[in-house]
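Dear colleague,

Please find below the structure that I am handing over to you. A summary of the findings follows it.

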Amino acid sequence: QIRCANATAPPADEADGAVDEDRVLVVTYATSHVHGYARFALAVNANWAKRFDHAFVIDTRDRASGGVDVKNAKVLVKHHWVSRRGISER
């Protein structure tokens with residue numbers, strides 16, 4: 001279900017170079033320990049994004065480690081996604 005929700009409203013293809021200024025990228029961070037109970041909410045959120053022509057991504061990286069506070073891992077997730085070509089933060 002995680003993979004299905006992640007493919008429901010994907011970000012624009014970076015290769016095509018097209019940028020839609022009105023499209024929003026919704027990113028959620030869901031580590032494996034929450035997949036069991038988060039899978040339904042993730043599907044709802046993915047379908048909401050698709051309905052309104054936004055992009056939705058579930059970042060499933062492991063919990064932060066290596067000296068990074070687990071509570072601050074979402075900062076790393078956000079930085080990863082806004083650093084991609086064709087995505088800007090406003």
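**Burial and overall architecture**

Of the 90 residues in the chain, 23% are buried, where buried means under 20% relative accessible area, exposed over 50%, and partly exposed in between (1.4 Å probe, protein chains only). Please note that this is a predicted model, in which local features need pLDDT of at least 70 and side-chain atom pairs count only at pLDDT 80 or more, whereas totals for chains, interfaces and linings use all residues. Residues are numbered from 1 along each chain as its sequence is written, and side-chain values use heavy atoms, with hydrogens and water left out.

The chain has a mean pLDDT of 76, with 77% of its residues at 70 or more; pLDDT is the predictor's confidence in each residue, from 0 to 100. Confidence is lowest in helix 1 (residues 2–8), with a mean of 65, and highest in helix 2 (residues 35–51), with 87. Where pLDDT is low, the predicted coordinates should not be read in detail.

Three helices and two strands are present in the chain, and along the sequence they follow the pattern α-β-α-β-α. Helices (H or I, at least four residues) and strands (E, at least two) are DSSP runs, numbered from the N terminus. Among contacts in the chain with a separation of 6 or more, 72% are between residues 24 or more positions apart; contact means heavy atoms within 4.5 Å. The accessible surface of the chain is about 6400 Å², and carbon and sulfur atoms account for 53% of this area. Accessible areas come from the Shrake-Rupley method with a 1.4 Å probe, and for residues only the protein chains shown count as cover.

**The strands and their connection**

Strand 1 (residues 25–29) pairs with strand 2 in the parallel sense over five bridges, pairing being assigned if DSSP finds at least two bridges between two strands. Within this pairing, Leu 25 stands opposite Ala 55, and Val 26 has Phe 56 as its bridge partner.

Strand 2 (residues 55–59) is mostly covered, five of its five residues being buried. Both of its faces are covered, with Ala 55, Val 57 and Asp 59 on one side and Phe 56 and Ile 58 on the other.

Ala 55 lies in strand 2 and has a relative accessible area of 4%, so it is buried. Leaving aside neighbours within four places in sequence, Ala 55 is in contact with Ala 9, Pro 10, Pro 11, Arg 23, Val 24, Leu 25, Val 26 and Ala 49.

Not counting residues up to four places away in sequence, Asp 59 touches Thr 28, Tyr 29, Ala 30, Val 77, His 80 and Trp 81.

**The nonpolar core**

The largest nonpolar core has nine residues, namely Ala 9, Ala 30, Val 34, Ala 38, Leu 42, Ala 46, Ala 49, Phe 56 and Ile 58. Helix 2 and strand 2 each supply at least two residues of this core, and helix 2 gives the largest share, four residues. Such a core is a set of buried Ala, Val, Leu, Ile, Met, Phe, Trp, Tyr and Cys residues joined through side-chain atoms within 4.5 Å.

**Two loop residues**

Val 34 is located in the loop between strand 1 and helix 2 and counts as buried because its relative accessibility is 13%. The C-alpha atoms of Val 34 and Thr 60 are separated by 10.0 Å, the residues being 26 residues apart along the chain.

Asp 53 is in the loop between helix 2 and strand 2. Asp 53 is not a glycine, yet has a positive phi of about 60 degrees. With a relative accessible area of 48%, Asp 53 is partly exposed.

With kind regards
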